[in-house]
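Here's a walk through a protein model, one piece at a time.

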Amino acid sequence: RYSGSASDIGTLESLIVEGVIKKGGQASKGTMFRFDCSEEGVTVSVDGSVQGVAKFAGMGAAFVDVFLDDDAVSPTLVSSCMDNWSNPQAKAIAASLLELGDSSDETSDKQDDEGPSSSLQNAVESNMKSIQEYATSVTFVPKLEDGLYLAGAGVRKKSIVKVYAVAMYSSPVVLQALSKGSKSAMHNAARSFSPDSPLTTFVLEMTYSAGAEKIAGAIAESVKPRYNGNPTDINELEALIVKGVNMKGGQASKGTTFRFDCSQDGVRVSVDGSDQGMAAFEGMGGAFVDVFLDDNAVSPSLIDSCVETWSKVSLH
């Protein structure tokens, strides 16, 4: 189905293998794969964790053909699509959605013509890249599925122990601040949670095994002195981390990934791609950002990586 180089398929295959290996090498019952097909290629996720993009023109369409052409591997999928959307009620819904989409597109096109956001995003897209964290060799993908871009990657150490690799993902607005070489501007933009930059995300991958209470307690203790709200609010953040680790046996073993989405509303916690919930307290999102970006940041190498990666890029 793919008319490009046969070796391109090897990239797609390796992304799938990489994701399965991260969960022990076995795609057991309940394992979820997600394949986002576009003009650029196919983005692969395993159990909610983005592995990367097989970026080859034509591969996205070839993947669609696997499930929708005359020799589709799952004829029942094609039949289900037809059954669900060919009845009169479904057709009426589809027609209304098309009308709504046309109206939305017109508004969006007008906004794009009027503002600089599109050119900034294009500049970021053309310069984004994956980063392999130097001390741990953990590699982070250049973009998350919700449109956040990789700013940099570092390591969290306790004495000589490398506990986890950490990456920050943020909006083009934050990267623009970084392109000016200002650490303080990056810090302020990342915790502003403005309409143009409502979310800053930190992805942690364990490189050292730790129990649920130990890793949750360590993260909570870093947030606590930076948070101005009720100290007991931190307990909810800690409990969400513990819950996620307990769901995988109580041990945050090597390769376990944590994701912390920081916003004006608080901090949303995910463990190995599974959403655990949100510690919804005003100010907690900013405090979590401070853990990694203030003057006493727990991973100075993350800040250095962010500046090194984007200060050479022109996003003005």
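**Starting from the pocket**

The largest pocket has 24 residues in its lining, and Ser49, Val50, Val141, Leu144 and Val203 are the ones nearest its centre. Before going on, two notes on what you're looking at: this is a predicted model, where local features need pLDDT of at least 70 and side-chain atom pairs count only at pLDDT 80 or more, while totals for chains, interfaces and linings use all residues. Residues are numbered from 1 along each chain as its sequence is written, and side-chain values use heavy atoms, with hydrogens and water left out.

As for "pocket", the search runs on a 1 Å grid over the protein atoms alone; a pocket is an open set of points where a 1.4 Å probe fits, with protein on both sides within 12 Å along at least five of seven lines, and lining residues have an atom within 4 Å of a point. The volume of the largest pocket is about 490 Å³, taken as the space filled by probe spheres set on the points, which are joined across faces, edges and corners.

Which elements give two or more residues to this lining? They are helix H1 (6-22) and the strands E3 (49-54), E5 (139-140), E8 (200-206) and E11 (257-263). (Helices, H or I with at least four residues, and strands, E with at least two, are DSSP runs numbered from the N terminus.) E3 gives the most, with 4 residues. By class, the lining has 8 nonpolar, 9 polar and 7 charged residues; here Ala, Val, Leu, Ile, Met, Phe, Trp, Tyr, Cys and Pro count as nonpolar, Asp, Glu, Lys and Arg as charged, and the others, Gly among them, as polar.

Now follow E3 into its sheet. Three strands form an open, antiparallel sheet in the order E1-E2-E3, where two strands pair if DSSP finds at least two bridges between them. The twist from one strand to the next averages 20°; angles run from 0 to 180 degrees between N-to-C directions, and axes are lines fitted to C-alpha atoms, for helices over the stretch in contact. E1 and E2 (residues 42-46) are joined by 5 bridges, and Asp36 has Thr43 in E2 as its bridge partner. H1 lies across E1, E2 and E3, at about 165° to E3. H2 (residues 59-68) also lies across E1, E2 and E3, at about 125° to E1.

E8 and E11 take you to the other sheet. Six strands form an open antiparallel sheet in the order E6-E7-E8-E11-E12-E13. E7 (residues 161-170) pairs with E8 over 6 bridges, and Tyr169 stands opposite Thr201 in E8. Helix H9 (residues 233-246) packs on this sheet, touching E11, E12 (266-271) and E13, and makes about 170° with E13; contact means heavy atoms within 4.5 Å. E12 and E13 form a hairpin with 2 residues between them, and Asp272 in the turn has a positive phi of about 50°.

Last, a helix pair. The axes of H6 (residues 172-179) and H7 (residues 183-192) come within 8 Å and cross at roughly 170°. H6 and H7 are therefore roughly antiparallel, a label used for angles over 145 degrees. Val174, Ala177 and Leu178 of H6 meet Ala185, Met186, Ala189 and Ala190 of H7, a contact with 7 nonpolar, no polar and no charged residues.

Note on methods. Angles under 35 degrees count as roughly parallel, over 145 as roughly antiparallel, 65 to 115 as roughly perpendicular and the rest as oblique.
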